[in-house]
Amino acid sequence: LAEAFNHFENDPWTEEDAQKEAVEGLSWATEMLIRDGHLDNAAYLRKKGCVLLMPICFQNDREKEKVLLTITMLTKKMEPDAVTTFTETWVSKKEDMLPSQDPDRKEAIMIMVETPLGIWHGFQYFTRDENGKIVLGELFPPEKGGVEGTFVFMNHEESEVQCKA
């Protein structure tokens with residue numbers, strides 16, 4: 001699959017492109033959450049105007065690791081210009097336990113845009129009312145941050161050259 005994208009040269013993104021993708025992506029994901037009551041987790045690998053959509057579907061942590069490893073391997077071979085992930089997730093402040101085990105966890109949707117220039121991420125927290133309807137909570141707008149990227153083939157130290165073409 002990655003070989004199908006190898007004949008495309010890279011089309012480096014600017015920081016403005018990544019910020020725009022993160023803001024518009026979080027807005028879109030919030031709309032989908034409200035409309036459908038859930039967000040389908042996915043990764044979008046972008047290279048020279050083409051997009052490869054990879055669903056992130058799993059039933060347990062082992063399946064989750066396999067899916068993420070598959071996407072990471074594909075990313076390393078494809079060397080995309082950007083990887084955008086949309087996930088519905090649980091967030092916990094307790095570092096000694098998984099969020100799924102924390103009774104005080106919060107639900108959120110998260111967007112992460114990773115390019116060789118850095119990583120932009122944002123959160124939209126939400127709850128569900130007694131009828132299961134989405135109630136939006138605190139918003140952490142996307143910003144460039146110091147979080148560790150999932151797709152570490154990208155050199156976040158570079159400021160001009162993004163990917164090996």
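**Figure 1. Surface and overall make-up of the protein.** The protein exposes about 10000 Å², and carbon and sulfur atoms supply 52% of that area. The model shown here is predicted. Of its 165 residues, 40% count as buried. The secondary structure consists of two helices and six strands. Read from the N terminus, the elements follow the order α-β-β-α-β-β-β-β. Among contacts in the protein with a separation of 6 or more, 64% are made by residues 24 or more positions apart.

**Figure 2. Close-up of the second largest pocket.** This pocket has a volume of about 180 Å³. The residues that line the pocket are Val91, Ser92, Lys93, Lys94, Asp102, Asp104, Lys106, Tyr125, Glu138 and Phe140. Sorted by class, the lining has six charged residues, three nonpolar residues and one polar residue.

**Figure 3. Close-up of the stacked rings of Phe123 and Tyr125**. In the whole structure, a search finds four aromatic pairs. For Phe123 and Tyr125, the ring centres are 6.0 Å apart and the planes meet at 20°, so the pair counts as stacked; the cut-off for stacking is under 30 degrees. Both Phe123 and Tyr125 are buried.

Figure 4. Tyr125 belongs to strand E5 (residues 118-128) and Phe140 to strand E6 (residues 134-145), so the pair ties together parts that are 15 residues apart in sequence. Tyr125 has a relative accessible area of 14% and is therefore buried, as the cut-off for buried is under 20%. Phe140, at 38% relative accessibility, counts as partly exposed.

**Figure 5. Close-up of a cluster of aromatic rings.** The cluster contains Trp28, Tyr44 and Phe86, which are linked by ring pairs.

Note on methods: Residues numbered from 1 in each chain as written. Predicted model: local features only at pLDDT ≥ 70, side-chain atom pairs only at ≥ 80, totals over all residues. Heavy atoms only, no water. Helix = DSSP H or I, 4+ residues; strand = E, 2+ residues; numbered from the N terminus. Buried < 20%, exposed > 50% of the residue type's maximum accessible area, 1.4 Å probe, protein only. Contact = heavy atoms within 4.5 Å. Areas by Shrake-Rupley, 256 points an atom, 1.4 Å probe, with all protein chains shown as cover. 1 Å grid on protein atoms, 1.4 Å probe; cavity = no way out; pocket = protein on both sides within 12 Å on 5 of 7 lines; lining within 4 Å. Points joined across faces, edges and corners; volume = space filled by probe spheres on them. Nonpolar A, V, L, I, M, F, W, Y, C, P; charged D, E, K, R; others polar. Phe/Tyr/Trp six-rings, centres within 6.5 Å; stacked < 30°, edge-to-face > 60°.
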